[in-house]
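Please read these comments with the model open.

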Amino acid sequence: MKRLVLLIGIVFSAFGGYSAGEQELVVRGNKAYSAGAYTDAVNSYKKVIALGWESPELYYNLGNAFFKLNDLPNAVLWYERAKRLAPGNEDIDYNLKVANGKIADKIEPLPEMFYKRWYFSLVQLFSVDGWAWIGVIFFLLALCSAMVYFAARVLIFRKIGFWSSLATLALALFFFLFAWSGYRSIQSAREAIVFTPTITVKSSPDDKSTDLFVVHEGTKVRLLDNISGWYEIRIANGSVGWLPASSLEQI
Amino acid sequence: MGGKYAIMNTGSRMLFFLSWILLVLFSAGRVQGQEIQLTGSARSTVAVGETFTLTYTLNAQGAGFRGPNIQGFEVLSGPNTSTSSSIRSINGRTSMTITYTYTYLLQATREGSFDIPAASVSVDRKTFTSNTLNIKVVKNAGGSSGASGHGSGGTQGGRNAGESGAGSIGAGDVYVKAFASNANPLQGEGIVVTYKIFTKVPIAQINISKLSSFSGFWSQNLMKENDKLQQTTQVINGEQYVVADIRKIALFPLKSGRLVIDPLELECIAQVRKQTRTRTGDPFFDDFFNDSFFSSNIANVEKNLKSNPLVITVQPLPESGKPLDFSGAVGSFTFQSELDKTRLKSNEAVNLKCTITGQGNLQLIDKLGVTFPPDFETYDPKVTSDIKTTATGVSGTQTFEYLMIPRKPGQFTIKPINFTYFDIGKKRYVTISSPAYNLTVEKGTGDGTAMVTYSGSGKEDIQYIGSDIRHIKDKRFPLSVKGYRFFGSTAFWLLLAIPLLLFIVFLLLWRKLAARRSDAQLMKNLKATKIAKKRLAKADQYRKASDQEAFYVEISQALWGYLSDKFSIPVAELSIDSVQEALQKKDVKEAIIHQFIDTLNNTEFTRFAPGEKNVNMERIYNEALEIISKIERELK
């Protein structure tokens, strides 16, 4: 029983462990945003983040405030961060699309295999934690079904219990797989936003190396390697080159 | 007048008559035998400056006419050859007459008496010579002599000595001329082109056969088709002409550059007096009948006339300061607009009236740039023109009436309407703006019903005006510790592990419980025979003590209890049926089951039955002992 209390405490701390101060700051930021004082809104939201809190909504609001200040790279950065916390959120996707429509670089993304795309969109249906929760619930259901199987004396209940416990267990494992692959894609896919208005991508981590192509602020790049203040990056169309770390902000 | 001339004509006619008689006399279809004559004729007296004709007539087919050496006269034209032939058939006889006429048009240049020597012509390789003529040229005495009636110049040109009596008209008698009010207008500036007919002869009818094509112009007729021609008289080069405007057109150049207006062509029928001659030879009589008073013999002469082409050089409008909304209006205008109401209910119509008044290419203004509020139902404007055409051009008013119906209540603004034109007088572009109109539309009473009729056709695609990001999340949302992730966290693993652990515990407990329960069953099972035998032994003691009541109870309990323990049947569920079922399940032989049930029944029966109590007890005891041992064997 003591264990259960401890568990509940831990679970709830994940959601509601905040004090009123953070929420007040968020409300202040929202009010400033609605009044058109976007700089104030940015400051309020950033304070909340500095206090060690996060939420997709908070990042989304901050992205909006940056967008209104015409700070596109920051807007894209925070939308991307919000998207990581809540993939598949329609509002975040929409605003990110609007912001991306305003940045200078139009990059044709490489097409992906259809099954990858499907799998990815399935994984994107819920956040990592969302999948984790669903998986946990299904795992509990599987245990309950197994209990029915063992305890029931009537044959039909035992049969139902047996098959449903197998099915829910399999589903729970799938959901954990989704959560894991979403988690892995975030962890392994290190991405960044270009913050320098215009910058030339080099062929090697050296200022004197050949200029390859030019990217502009707001463009999302994937980080491949990191050598002494330089990042090897790949843009959506597959082109690879090196950029100084100072011109990038990691998502 | 023309008397002497007539006499000479008569002479030639006599000759003709003679030759005709000869022809009839010889009655052959041939001209042979006819006397060939070349006769020269002209007026014997002419005035200085007068033109007259000198005519040689040959009554045969001639060739190689050699004209006289004419001295003292100026030859204006000639010799002009003309032929006439006629074939007649009288009483089956055919006759043919051929007349060759050689004509000179001469003008007397100085006074005096002049001889015109003979001319010659060859007919069938014979040469025939004409008579010589003597002509007296007198001083021009101001009209008493010479030409006084038919006018001068070309009137006589077409006259010949033949039979034709119809007169003709000369080039200068009637002509058409085009005038442009301004040969160098600006683009869009109106000019007036007038076609005038100048005539010295009466004109019976005018038909315009080909109008000018005003390519490059916008044209407007300033005269109605059936207008009566306004006649004026005008003296040109000392001659009096009747002048009438036949066409008057306002033209607005649509492009700059050199534009050519091609000529107008018309047919007119001029009335010319017939010059019939009397044969009296009496100058007085002749004159009398040829007088205009008796001009009953009037011939209609058709004549084709063509005007001069006009070249208009159109200057382009200045490019500097040309407003964007300039649509080509040139002239001088005023602009007014009027909204018939500013407060109305939805679905009521409101009328915006714009009026442009002034002089210029009004009718080229076909629309105004009116910006209506969105959601207003608008229609094409009703354009009314009230155009007056004056000698200087086109003026009047052009009215645009815009009907609009607001479908939704609200506050609306009609933006100022701009009218831009090029002012001819000021030589610059002028823009007149109307005020902005504010409209208050209230909710109409008939909104519901009116909207029903429009709802079907009034559906529109959503019009996207702009795009923006979506609004922030304003509702309170949960914050989580930064970097915290439930997946893989302790809570996550605990949430998985604890239920699993609880499940395992449950499973173990369950197993233990079940095992314990099954153990008790087994014990009972194992002890069943023992208990039964104990009870039977006890029953045997009661039998020996002849305690009948206790004996039967003990036997019954031994049998039932044995079944209950052996087959795990609760005591409450014990019955003959349940026992039978349980035994059948254990595959006990039907005969044994039957025996067992019989024993049970016998026990109950003999308990209350009369008879030898001890014998009965003995028998029941043995039966019970036997059946239990039989079942024991059977179950093994």
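Predicted model: local features only at pLDDT ≥ 70, side-chain atom pairs only at ≥ 80, totals over all residues.

1. Residues are numbered from 1 along each chain as its sequence is written, with chains lettered from A and ligands numbered from 1 in the order in which they are written.

2. In chain A, helix 5 (residues 72-85) packs on helix 6 (residues 90-102) at about 155 degrees, their axes being 10 Å apart. Helix 5 of chain A is therefore roughly antiparallel to helix 6 of chain A (angles over 145 degrees). Axes are lines fitted to C-alpha atoms over the stretch in contact, with angles from 0 to 180 degrees between N-to-C directions.

3. From helix 5 of chain A, residues including A:L72, A:V76 and A:Y79 take part in the contact with helix 6 of chain A, where the partners include A:I92, A:L96 and A:A99. Contact requires C-beta atoms, placed from the backbone, within 7 Å. By class, this contact has 8 nonpolar, 2 polar and 2 charged residues.

4. Helix 9 (residues 155-188) of chain A has 34 residues and spans 49 Å between its first and last C-alpha, close to the 50 Å expected at 1.5 Å a residue. Its buried residues include A:F175, A:F176 and A:F178 (20 or more other C-beta atoms within 10 Å of the residue's own). The cover over them includes helix 7 (114-123) and helix 8 (128-151) of chain A.

5. Across the interface, 31 residues of chain B are in contact with 41 residues of chain A. Helix 4 of chain B gives the most to the chain B side, with 13 residues.

How values were computed:
Helix = DSSP H or I, 4+ residues; strand = E, 2+ residues; numbered from the N terminus. Parallel < 35°, antiparallel > 145°, perpendicular 65-115°, else oblique. Contact = placed C-beta atoms within 7 Å. Nonpolar A, V, L, I, M, F, W, Y, C, P; charged D, E, K, R; others polar. Expected span 1.5 Å × (residues − 1). Buried ≥ 20, exposed ≤ 12 C-beta atoms within 10 Å, placed from the backbone.
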